[in-house]
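Reader: Let us go through this one by question and answer. Please show the sequence and the structure before we start.

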Amino acid sequence: LVPLSVLACCYAIGKMRTKPNAQMLPSPEKAVSMVFGVFSTFFLTISSSAINTGFTLMRHPTGGASLQYFPFLLTTDSEALHIRIIGIIGGLVWCVGGLALVMYVLWILPSRIHDNIFLSMVWPIIRVWV
């Protein structure tokens, strides 16, 4: 929901240009394209961070284990369970949402292949997946 709201805000800011040739704000197409570019650039980093934060362990000589990113939390603590739940939810939202976005763009691409505005908006996704 947050990525969708960021896309909507970028598109709205691009639409609120006061002059047709204003240089201060990007066109809506370029704003959405920039957001997709950032999305495709940091997709693996964010998904890896969401998963590794809660599931990378550090073994102790006593036989216990703690989270590597939070060495003061043992895996048996309730806080570690909360971090793992948040990591799972974050990974699911980011990965499933990201793949749904890519699949949607690729699904409607054949019907809009001659739409230059659409192609300029989704170019960062198309160049990676097509």
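Reader: Is Arg112 buried, partly exposed or exposed?
Author: First, the ground rules. This is a predicted model, in which local features need pLDDT of at least 70, side-chain atom pairs count only at pLDDT 80 or more, and totals for chains, interfaces and linings use all residues. Residues are numbered from 1 along each chain as its sequence is written, and side-chain values use heavy atoms, with hydrogens and water left out. Buried means under 20% relative accessible area, exposed means over 50%, and partly exposed lies in between (1.4 Å probe, protein chains only), so Arg112, at 34%, is partly exposed.

Reader: Which residue forms a salt bridge with Arg112?
Author: A salt bridge needs a side-chain nitrogen of Lys or Arg within 4 Å of a carboxyl oxygen of Asp or Glu. The structure holds one. Its closest N and O atoms are 2.8 Å apart, and the partner of Arg112 is Asp115.

Reader: What pattern does the protein chain follow along the sequence?
Author: Helices (H or I, at least four residues) and strands (E, at least two) are DSSP runs, numbered from the N terminus. The chain has four helices and two strands. Read along the sequence, the order is α-α-β-β-α-α.

Reader: Why is the pair of Phe43 and Trp94 classed as it is?
Author: Rings of Phe, Tyr and Trp (its six-membered ring) pair if their centres lie within 6.5 Å; planes under 30 degrees apart count as stacked, over 60 as edge-to-face and the rest as tilted. The centres of Phe43 and Trp94 are 6.3 Å apart and the planes meet at 25°, so the pair is stacked.

Reader: How many residues apart are Phe43 and Trp94?
Author: Phe43 sits in helix H2 (residues 28-55). Trp94 sits in helix H3 (residues 78-108). Both are buried. The pair links distant parts of the chain, and the separation is 51 residues.

Reader: With which residues is Ile125 in contact, leaving aside neighbours within four places in sequence?
Author: Contact means heavy atoms within 4.5 Å. Ile125 is itself a member of the largest core. Its partners are Phe36, Leu101, Val102 and Val105.

Reader: Which helix supplies the largest share of the nonpolar patch?
Author: Patches use residues with over 30% relative accessible area and no salt bridge; like charges are joined within 9 Å, nonpolar side chains (Val, Leu, Ile, Met, Phe, Trp, Tyr) within 5 Å. Ile51, Phe55, Ile88, Leu92 and Val96 make a patch of about 450 Å². Ile88, one of them, is partly exposed at 42%. With three residues, the largest share comes from H3.

Note on methods
Core = buried A, V, L, I, M, F, W, Y, C linked by side-chain atoms within 4.5 Å. Areas by Shrake-Rupley, 256 points an atom, 1.4 Å probe, with all protein chains shown as cover.
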